[in-house]
Amino acid sequence: MNIHIYQSEQDVDQAASEVVIQSINNMPSFKLGLATGQSPVGMYAQLSKAYKEGLVSFDQVTSYNLDEYVGLDRGHPHSFYAFMDQHLFQHVDFRENHIYIPNGCADNLHDECKRYDQLLEREGQLDIQILGIGLNGHIGFNEPGETLHAGTHIVELSEHTRKVNSQYFPSFEQVPTKAVTMGIGSILKAKKIVFIAKGEQKSEVIKKAFTGPINPLCPGSFLQLHPNVEVFLDEDSAKLL
Ligand code: GLP
């Protein structure tokens with residue numbers, strides 16, 4: 001685990017985006033795992049800027065999102081697809097059929113989980129998986145608990161997670177109670193993980209995840225098992241390390 005600490009959020013975004021851009025440019029086709037939330041937004045803006053400046057193309061990049069809310073389809077304004085479209089997809093040149101995200105409106109959600117895992121298996125290892133971390137230590141929507149799932153599964157969102165994510169919805173009541181999420185096993189299969197966290201509110205969970213015991217009560221702690229994690233933090237989020 002290589003931990004890089006920067007003074008400003010902008011420096012975090014710039015440094016993380018340079019790793020992604022360099023990796024994409026070094027490979028003819030690229031498999032990129034994407035995360036939502038505020039942490040990667042600034043890095044996505046840097047990727048969009050680099051595309052506009054002709055420094056990178058996403059034409060040969062296939063993207064796989066970590067998770068999607070149950071009950072929200074791609075067209076829903078508060079879906080994770082809409083979030084990714086707003087912050088990345090509409091600004092760069094991904095091919096529409098190269099964008100994969102779990103279908104939160106599938107007729108049979110268990111079959112959808114299997115389908116997504118088969119897709120990931122068929123595609124092989126993702127080249128880079130972008131990750132953030134929830135305040136309660138969740139990765140994707142792998143919530144803290146007695147056990148963790150290896151593969152893609154349906155998760156009951158914790159009250160805490162729904163409250164934090166209600167910032168993206170008109171009201172707390174409209175935040176879905178379930179999501180489809182890649183499991184810790186699928187996430188850890190990526191060749192490289194680019195992890196981003198910013199702000200003092202993340203300092204406790206960063207300390208727990210990166211220096212605490214590996215424990216399903218802090219899913220982020222499982223990142224300690226991965227051999228190739230590049231961690232990009234600002235000084236505030238790194239203050240307890
Ligand atoms: C959501 C996403 C996670 C993300 C987390 C933290 O729950 N499912 O993938 O890491 O929020 O978001 P933020 O970066 O806004 O703190």
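Author: Here is a quick tour, from the ligand to the salt bridges and the surface. Bear in mind that this is a predicted model.

Reader: How many residues surround the ligand, and which are the closest?

Author: There are 14 residues around the ligand. The closest are Gln 38, Ser 39, Asp 67, His 138 and Lys 202.

Reader: How much of the ligand's accessible area does the protein cover?

Author: The ligand on its own has 390 Å² of accessible area, and the protein covers 92% of that.

Reader: Next, Gly 37. Where is it?

Author: Gly 37 is in the loop between strand 2 and helix 2. Setting aside residues up to four places away in sequence, Gly 37 touches Phe 83 and Tyr 168.

Reader: What about Gly 134: which loop holds it?

Author: The loop between strand 6 (128-131) and strand 7 (153-156). Gly 134 is buried, at 8% relative accessible area. Beyond its neighbours within four places in sequence, Gly 134 is in contact with Lys 202 and Val 205. Lys 202 is also one of the closest residues to the ligand.

Reader: How far apart are the C-alpha atoms of Gly 134 and His 160?

Author: They are separated by 9.7 Å, and the two residues are 26 apart along the chain.

Reader: Switching to helix 3. How many of its residues are buried?

Author: Six of eight, so helix 3 (residues 80-87) is mostly covered. The buried ones are Phe 80, Tyr 81, Ala 82, Phe 83, Met 84 and His 87. Phe 83 is also one of the residues that Gly 37 touches.

Reader: What covers those buried residues of helix 3?

Author: The cover includes strand 2 (30-34), helix 2 (41-52), strand 3 (61-65), strand 4 (67-69) and strand 5 (99-100).

Reader: Take strand 3, then. Is Asn 65 buried or exposed?

Author: Buried, with a relative accessible area of 0%. Asn 65 lies in strand 3. Its contacts, leaving out neighbours within four places in sequence, include Met 84, Phe 89, Tyr 100, Tyr 116 and Met 182. Leu 34, Ala 35 and Thr 36 are among them as well.

Reader: On to charges. How many salt bridges does the count come to?

Author: The count comes to 13. Lys 49 and Glu 53 make one of them, at 3.3 Å from N to O.

Reader: How open is that pair: buried, partly exposed or exposed?

Author: Lys 49 is partly exposed, at 45% relative accessible area. Glu 53 is partly exposed too, at 46%.

Reader: And where do Arg 115 and Glu 112 lie?

Author: Both lie in helix 4 (residues 109-123), three residues apart, which is about one turn of the helix. Arg 115 is partly exposed at 36%, whereas Glu 112 is buried at 6%.

Reader: What does Lys 192 pair with?

Author: Glu 230, with the closest N and O atoms 3.9 Å apart. Lys 192 is in strand 9 (residues 192-197) and Glu 230 in strand 10 (residues 229-234), so this bridge ties together parts 38 residues apart in sequence. Lys 192 and Glu 230 are both buried.

Reader: Last stop, the surface. Which residues form the nonpolar patch?

Author: Met 1, Ile 3, Ile 5 and Leu 241, with about 330 Å² of accessible area together.

Reader: Where does Ile 3 sit?

Author: In strand 1 (residues 2-6). Ile 3 counts as partly exposed, because its relative accessibility is 36%.

Methods: Residues numbered from 1 in each chain as written. Predicted model: local features only at pLDDT ≥ 70, side-chain atom pairs only at ≥ 80, totals over all residues. Heavy atoms only, no water. Patch = residues over 30% accessible without salt bridge, like charges linked within 9 Å, V, L, I, M, F, W, Y side chains within 5 Å. Areas by Shrake-Rupley, 256 points an atom, 1.4 Å probe, with all protein chains shown as cover. Salt bridge = Lys/Arg side-chain N within 4 Å of Asp/Glu carboxyl O. Helix = DSSP H or I, 4+ residues; strand = E, 2+ residues; numbered from the N terminus. Buried < 20%, exposed > 50% of the residue type's maximum accessible area, 1.4 Å probe, protein only. Contact = heavy atoms within 4.5 Å. Near = heavy atom within 4 Å.
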